[in-house]
Amino acid sequence: EEAPAVNSDGSWEGLFPFVYWALVTMSTVGYGDFAPVSTLSRAFAMAAILLTIGWVPRQFGALAAALAEDRLRFGHLPRAGDPPHVLLCGPLTQVQLRYFLQTFLELGGAEEERTKVVVLSPRPASYYRGHVLVDRLNMHQSRLCVLQGDVTSARAEDLVEAVSGAKAAFIWSDASEYASRNRADLDTVTRVIAVRKFMQDMGALAGGDGSGAAEHLADGRPMEAVFVQSHFTTNRLLLTGMGVANQFYVSALKMRALAMSVTCCQGCATLISNLLYAPRVSGNNDASGGDGGWR
C-alpha cells in the first residue's frame, strides 16, 4: 500500500492519512517504489519532508550570500571602540577612490596612521578591486572597508555603523552614473539629508569622538566635518541652509579656470590639466622620498 487507503465511498479513513497524502503530493515527493505504511513511519517521513523544505533552501541561501560577500563588501566596518574613521558616500569611480586614498595616506601623516576609510557606494564592492588597491598603495587591508549600498537605501545596521563614529564625511556624485548631472546633484542632496539625519540621531561627526555634533546641527552652525562635491551651484542655498560649509562645484571650478586662462593667467587651464593627468614618475625628490608622482 503506497498511498493512504480510502473508504469505498471515497472518504478518508481519518485526518492523518489525508494530511500525509496532501503533504507528499504538494511537496512533489510522491510515493515511489518504497513508501511508508505505518502511522509512525509516515509521521517520520512527514517530518523529514518539512525539515528538508525549510532547512535546505536556507543553507543554499547562506552559501549564495557567502559567495556574493566579495561583491557586496570588502573589509570590515568599524566596531565600537575603534578610532574615528572617514566616510565616503556616493558612486565613486576607481580613479577617484585611488587618488583620495593616495592623498590621504601621503598628507595624513602619523596622525592618520590608524584612521579607517569607509566607502558606502552604489557600485559593487568588487568594482573597486580592494585587494589590488591596498597592495598598490602599500596600505594595510584593515584600513579600508567598501560596502555596496547607499545612505538612502543601505541596511539600517550597516548605515549606523558607517556613520556612527565618523570624524569626517565626503559626499559626492559621479555624472557617469546618470543621464544628466542635475539628477546626480539631486541624489547628492538626498545623501546629505540622510547623513545629516543620522548625525542628528546619533550625534556623530563631532571632532572625532561624536560629542557636540547634534549641538552644531541644533544651533544651525555649519557642519564642518561634511564635505560635498556637486556639479552645479543650483542647490547651494539648500546645502548652506542645512549647515554644509564645505561645498565644491565642478562647473564653477572649470569656469574659474577658464576665466583665469583668458584673463590674468593665460594657459592656466592647460597647466592644471597637465598637472592632474601627468603620469607618475620615479626618482623625484619630493618630501616623502618615495617613487610617487609629485603633488
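Colleague: How many aromatic pairs does a search of the whole structure find?

Modeller: In this predicted model, the search of the whole structure finds 6 aromatic pairs.

Colleague: What makes the pair of Phe 100 and Phe 104 stacked?

Modeller: The centres of the two rings are 6.1 Å apart, and their planes stand at 10°. Rings pair if their centres lie within 6.5 Å, and planes under 30 degrees apart count as stacked, so the pair of Phe 100 and Phe 104 is a stacked one.

Colleague: How do you know whether Phe 100 and Phe 104 are buried or exposed?

Modeller: Buried means under 20% relative accessible area. Phe 100 has a relative accessible area of 16%, so it is buried, and Phe 104, at 15% relative accessibility, counts as buried as well.

Colleague: Why is the pair of Phe 100 and Trp 172 called tilted?

Modeller: The ring centres of Phe 100 and Trp 172 are 6.2 Å apart and the planes are at 50°. Stacked needs under 30 degrees and edge-to-face over 60, while the rest count as tilted, so tilted is the word for this pair. The pair also links distant parts of the chain, since Phe 100 belongs to helix H4 and Trp 172 to strand S5, 72 residues apart. Trp 172 itself counts as buried, at 11% relative accessibility.

Colleague: Which residues form one aromatic cluster?

Modeller: The cluster is formed by Phe 100, Phe 104, Phe 170, Trp 172 and Phe 227.

Colleague: What is the nearest side chain of opposite charge to Lys 116, and how far away is it?

Modeller: It is Asp 82, which is 5.7 Å away. A salt bridge needs a distance within 4 Å, and Lys 116, though buried, has no salt bridge.

Colleague: Which backbone oxygens lie close to the side chain of Lys 116, by distance in Å?

Modeller: The side chain of Lys 116 reaches the backbone oxygen of His 76 at 2.8 Å, and the backbone oxygen of Ser 142 lies 2.9 Å from a polar atom of that side chain.

Conventions:
Residues are numbered from 1 along each chain as its sequence is written. This is a predicted model: local features need pLDDT of at least 70, side-chain atom pairs count only at pLDDT 80 or more; totals for chains, interfaces and linings use all residues. Side-chain values use heavy atoms; hydrogens and water are left out. Buried means under 20% relative accessible area, exposed over 50%, partly exposed in between (1.4 Å probe, protein chains only). Lys and Arg count as positive and Asp and Glu as negative; His and the chain ends are not counted. A polar contact is a pair of N or O atoms within 3.5 Å; within protein, one must be able to donate a hydrogen and the other to accept it, and residues adjacent in sequence count only if both atoms are side-chain atoms. Helices (H or I, at least four residues) and strands (E, at least two) are DSSP runs, numbered from the N terminus.
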